[in-house]
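Please keep the model open as you go.

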Amino acid sequence: MNQYPTPSSVALVARIIAATFDVTEVEARENAEGLVILAEDWGGIGAAPLDWDLQVKKHFGGRLKWRSEMVRQKFLDDKKVTIAAYESYIRARK
């Protein structure tokens, strides 16, 4: 297990967490370190770049308090549209 996440990724993810959720800078950094460690262990440091904005919202959306209800609702609405599109695609392929 990689114990040392990439500092630039941690900084980026911490900024996204702090901008999206009502957390302190320390909480944002701690959460970012954990998420980046998981991502690097899953895909390796050379893995394709992640959509960190989406990953942060998916990973922490049910655990942390959102700064904006409007942003939260847009994320949930987009998620519903994506699920509906996948279900439609699957039905068409049967």
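The report below covers the fold, the salt bridges, a pocket and a surface patch.

## Ground rules

This is a predicted model, so to speak of local features a pLDDT of at least 70 is needed, side-chain atom pairs count only at pLDDT 80 or more, and totals for chains, interfaces and linings use all residues. Residues are numbered from 1 along each chain as its sequence is written, and side-chain values use heavy atoms, with hydrogens and water left out.

## Overall fold

The chain has four helices and zero strands, giving the pattern α-α-α-α along the sequence. Helices (H or I, at least four residues) and strands (E, at least two) are DSSP runs, numbered from the N terminus.

Of the 94 residues in the chain, 26% are buried. Here buried means under 20% relative accessible area, exposed means over 50%, and partly exposed lies in between, with a 1.4 Å probe and protein chains only.

## Salt bridges

How many salt bridges does the rule give? The count comes to five, where a salt bridge is a side-chain nitrogen of Lys or Arg within 4 Å of a carboxyl oxygen of Asp or Glu. One of them joins the side chains of Asp 22 and Arg 67, at 3.9 Å from N to O. Asp 22 sits in the loop between α1 (7–20) and α2 (25–43), while Arg 67 sits in the loop between α3 and α4, so this pair ties together parts that are 45 residues apart in sequence. Asp 22 is partly exposed at 44% relative accessible area, and Arg 67 is partly exposed at 47%.

Two further pairs lie within helices. In α2, Arg 29 and Glu 33 are four residues apart, about one helical turn, and their closest N and O atoms are 3.7 Å apart. Arg 29 counts as partly exposed at 39% relative accessibility, as does Glu 33 at 30%. In α3, Lys 57 and Asp 53 are also four residues apart, about one turn of the helix, and their side chains meet at 3.1 Å, N to O. Lys 57 is buried, with a relative accessible area of 15%, whereas Asp 53 is partly exposed at 34%.

## The second largest pocket

Rolling a probe the size of a water molecule over the atoms shows where empty space is left. A pocket is an open set of points on a 1 Å grid over the protein atoms alone, where a 1.4 Å probe fits, with protein on both sides within 12 Å along at least five of seven lines; lining residues have an atom within 4 Å of a point. The second largest pocket holds about 170 Å³ of space, a volume being the space filled by probe spheres set on the points, which are joined across faces, edges and corners.

Which residues line this pocket? They are Leu 54, Lys 58, Phe 75, Asp 78, Lys 79, Thr 82, Ile 83 and Tyr 86. Both α3 (52–60) and α4 (69–93) supply at least two lining residues, and α4 gives the most, with six. By class, the lining has four nonpolar, one polar and three charged residues; Ala, Val, Leu, Ile, Met, Phe, Trp, Tyr, Cys and Pro count as nonpolar, Asp, Glu, Lys and Arg as charged, and the others, Gly among them, as polar.

Tyr 86 belongs to the pocket lining and is placed in helix α4. Is Tyr 86 buried or exposed? At 56% relative accessibility, Tyr 86 counts as exposed.

Together with Tyr 89 and Ile 90, Tyr 86 forms a nonpolar surface patch with about 370 Å² of accessible area. Such patches are made of residues with over 30% relative accessible area and no salt bridge, with nonpolar side chains (Val, Leu, Ile, Met, Phe, Trp, Tyr) joined within 5 Å and like charges within 9 Å. Accessible areas come from the Shrake-Rupley method with a 1.4 Å probe, and for residues only the protein chains shown count as cover.
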